[in-house]
Amino acid sequence: MTRPPEATHFDGTGTRPEVGGTESLRTLYFVRSGFAVAWAVLTVVLAETLSPGVVALLVIYPLFDVAAAVADFRSSGAARPRAPLFLNMGLSLLAAIGLAFAGSSGIPGVLRVWGLWAITAGIVQLIVAVLRHRLGGQWAMILSGGISVIAGVGFVIMAGKPNPSLTSIAGYATLGGIFFLISAIRLHQTAEHGTR
């Protein structure tokens, strides 16, 4: 009896994708969506001034991104793009440290650090989404990565203008949360069709 041809994995390794990895990724996207929206609401409410509490709130966002990348790496199995996820962890950790220091220099400094992080993290997100495109639901992540790069440039430019505000960062987080939600829903739909 001949064996059926082995399915080619998304990364070309010749192994089948892990269903559990897709389910874990979907759950992670839902969690990230909820966190981003909740964080954005808190930022809008509290960020009239750059108080120590607001600085802590700003630092928490990239630290959560580090934790999410670690969870992604551990749970997504063979579907994980190793190098980009490691790079994302490093960039987000540097962003958290940079924001902690920038908080003492004022809103323009925070916007510059956040902008640089948005640019670099957006590029990495684009790479990860392209590598995972066969999983389904990744077009929203590709779009999110591209918008992140554009928004990052906008934050850097905004830092040099009069009366810069942190509310734009909250809008950025909200949009990111929406894209994570869309991807989670699409992954769910793809999984349902795949099991029928």
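**S92**

I started with the contacts of S92: leaving out residues up to four places away in sequence, S92 touches P62, D65, V66 and W117, where contact means heavy atoms within 4.5 Å. This is a predicted model, where local features need pLDDT of at least 70, side-chain atom pairs count only at pLDDT 80 or more, and totals for chains, interfaces and linings use all residues. Residues are numbered from 1 along each chain as its sequence is written, and side-chain values use heavy atoms, with hydrogens and water left out.

I found S92 in helix α3, residues 82–102 (helices are DSSP runs of H or I, at least four residues, numbered from the N terminus). Is S92 buried or exposed? S92 is buried, at a relative accessible area of 0% (buried is under 20%, exposed over 50%, partly exposed in between, with a 1.4 Å probe and protein chains only).

**Cavity**

A cavity here is a set of points on a 1 Å grid over the protein atoms alone where a 1.4 Å probe fits but cannot get out; lining residues have an atom within 4 Å of a point. I got a volume of about 50 Å³ for the largest cavity, volume being the space filled by probe spheres set on the points, which are joined across faces, edges and corners.

Its lining is R32, F35, A36, Y61, F64, D65 and F180. Helices α1 (19–46) and α2 (52–75) each supply at least two of the lining residues.

**Cores**

Then I checked the largest nonpolar core, which has 31 residues; W39, W114, L166 and I169 touch the most other members. A nonpolar core is a set of buried Ala, Val, Leu, Ile, Met, Phe, Trp, Tyr and Cys residues joined through side-chain atoms within 4.5 Å. Helix α4 gives the most to this core, 9 residues. Apart from it I noted another core of 9 residues, including L25, F179, A184 and L187.

**Rings**

How many aromatic pairs does the structure hold? I count 11 aromatic pairs (Phe, Tyr and six-membered Trp rings with centres within 6.5 Å; planes under 30 degrees apart are stacked, over 60 edge-to-face, the rest tilted). For F155 and Y172 the ring centres are 5.6 Å apart and the planes at 80°, so I logged the pair as edge-to-face. F155 sits in helix α5 and Y172 in helix α6, so this pair ties together parts 17 residues apart in sequence. Both F155 and Y172 are buried.

Conventions: On a 1 Å grid over the protein atoms alone, a cavity is a set of points where a 1.4 Å probe fits but cannot get out, and a pocket is an open set with protein on both sides within 12 Å along at least five of seven lines; lining residues have an atom within 4 Å of a point.
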